[in-house]
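Reader: I am new to this structure. Please take me through one part of it slowly.

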Amino acid sequence: MGVQSVEINCPGCGAPVAINTKVCEFCNSPVTVSTFNGLDGFSLPQLNKYVHSYQNSLRSNPDNSDLGKSMAFCLLKIGLYDQAIASFEKVLPLCFTDSELLFYYSVALLKGKKAFAALRPTIDKIETSLNSAISIEPKGIYYYFLAYIKYDYFFRKKFKTTPTYSDCLAMAKETGYSAADLATFYGIIKQAPVPDLIT
């Protein structure tokens, strides 16, 4: 018995496309978004159009990880943090080895606010998520995000924590990150760069 091809509508033009299609053959728009940076250049109306399309497609394909991930990224990009968190939490069990998904889930948990203003259970979730991302793929920017959390929440509140923000920052430097990574990071968490973490 052959595998049945499931169709959804392209979020860009509405044409019917196979669910595993990456780019629409009719309008050349992405059907699903595999990375958060894939949304660079999208206008707010485009993002809203994609969210609406993904909502419709997920009703009949609730366990499709590509759709779930795309939806989470779009909601985060718009700044609908509670909805983005819910979307990440639905798709993470389907993509538990996706370090980028864990990283952006951590971003969503901050809800565009300083770590200093977050509640401890939220900080604990962020730490767990970032440590999971690091265990899958140790990227410098993941360590840097952890250094930011350790600095802005623990160090500024004079709470003890291991590793310290300095330890995490050293690991970030050793693993490597660029000035562009930092600019992107502070842009997505919607905070000004922390001078003590820029060396």
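Reader: Which residue forms a salt bridge with aspartate 124, and how far apart are the closest N and O atoms?

Author: A word on the model comes before the answer. This is a predicted model, where local features need pLDDT of at least 70, side-chain atom pairs count only at pLDDT 80 or more, and totals for chains, interfaces and linings use all residues. Residues are numbered from 1 along each chain as its sequence is written, and side-chain values use heavy atoms, with hydrogens and water left out.

The partner is arginine 120, with the closest N and O atoms 2.9 Å apart. A salt bridge here is a side-chain nitrogen of Lys or Arg within 4 Å of a carboxyl oxygen of Asp or Glu. Both residues lie in helix α5. They sit four residues apart, about one turn of the helix. Helices (H or I, at least four residues) are DSSP runs, numbered from the N terminus.

Aspartate 124 is partly exposed, at 33% relative accessibility. Arginine 120 is partly exposed too, at 38%. Partly exposed lies between buried, under 20% relative accessible area, and exposed, over 50% (1.4 Å probe, protein chains only).

Now take lysine 125. Its salt bridge is with glutamate 89, at 3.8 Å between the closest N and O atoms. Lysine 125 lies in helix α5 (residues 120-136) and glutamate 89 in helix α3 (residues 81-91), so this pair ties together parts 36 residues apart in sequence. Lysine 125 is partly exposed at 42%, and glutamate 89 is partly exposed at 37%.

The structure holds eight salt bridges. Among them is aspartate 152 with arginine 156, at 2.9 Å from N to O. Here aspartate 152 is buried, at 3%, whereas arginine 156 is partly exposed, at 38%.

Definitions and conventions: Helices (H or I, at least four residues) and strands (E, at least two) are DSSP runs, numbered from the N terminus.
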